[in-house]
Amino acid sequence: MKKEINVVGAIIIQDGKILCCQRGGDRALANLWEFPGGKIEEGESKVDALKRELKEELKITVDIVEDEYEFCRYEYDFGFVNLTTFICYLKSGEPQLTEHLQIKWLKVKDLGPLEWAPADIPTVEKLVLENIGE
């Protein structure tokens, strides 16, 4: 039986653009684009996990709209990923590369051409459909 991996992702909006992060080359799903975030630890809420991950990964703090934006369950060869994304706004700090190859701030209409991790694609599609951030 494949393992279940519960993760959270941040749709960080600033000045009408959304933060996109390219995964490092030495990690699963190397070089694909994603919304920053990570695994939910034992006993942690989704919002708390997202705050912790963003502080660790990008050295930033955000304001989180606590209503879940999108959910996707995707079967990878290494297990099932259950991804919940949230709309966020940068509160303090400038995103730093600690785990990612690069980051880009893009308008919602420019998200599509990136090669996204499969679990992130439903969020991208919903953002484009709803024209979020514009």
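Predicted model: local features only at pLDDT ≥ 70, side-chain atom pairs only at ≥ 80, totals over all residues.
User: Is E53 buried or exposed?
Analyst: E53 is found in helix α1, residues 46–58. Buried means under 20% relative accessible area. The value for E53 is 10%, so E53 is buried.

User: Which residues does E53 touch, not counting those up to four places away in sequence?
Analyst: E53 is part of helix α1. Leaving out residues up to four places away in sequence, its contacts are G37, G38, K39 and L58.

User: How much space lies in the largest pocket?
Analyst: The lining of this pocket has 24 residues. Nearest its centre lie V7, R23, R27, E34 and G38. The space in the largest pocket is about 470 Å³.

User: Which element gives the most to the lining of the largest pocket?
Analyst: The lining of the largest pocket has 24 residues. Elements that give two or more are β1 (4–14), β4 (37–39), α1 and β7 (79–92). With four residues, the element that gives the most is β1.

User: How many residues of the lining of the largest pocket are charged?
Analyst: The lining divides into three groups. Twelve residues are nonpolar and three are polar. The charged residues number nine.

User: Why do the buried residues of α2 lie on the same side?
Analyst: The buried residues of helix α2 (residues 121–130) are T123, V124 and L127. They lie on the same side of α2 because they cover an arc of only 100° around the axis.

User: Which residues are exposed on the other side of α2?
Analyst: The buried residues of α2 are covered by elements including β1, β2 (17–23), β6 (70–76) and β7. On the other side, the exposed residues are E125 and L129.

Key. Residues numbered from 1 in each chain as written. Heavy atoms only, no water. Buried < 20%, exposed > 50% of the residue type's maximum accessible area, 1.4 Å probe, protein only. Contact = heavy atoms within 4.5 Å. 1 Å grid on protein atoms, 1.4 Å probe; cavity = no way out; pocket = protein on both sides within 12 Å on 5 of 7 lines; lining within 4 Å. Points joined across faces, edges and corners; volume = space filled by probe spheres on them. Nonpolar A, V, L, I, M, F, W, Y, C, P; charged D, E, K, R; others polar. Arc of directions from axis to C-beta.
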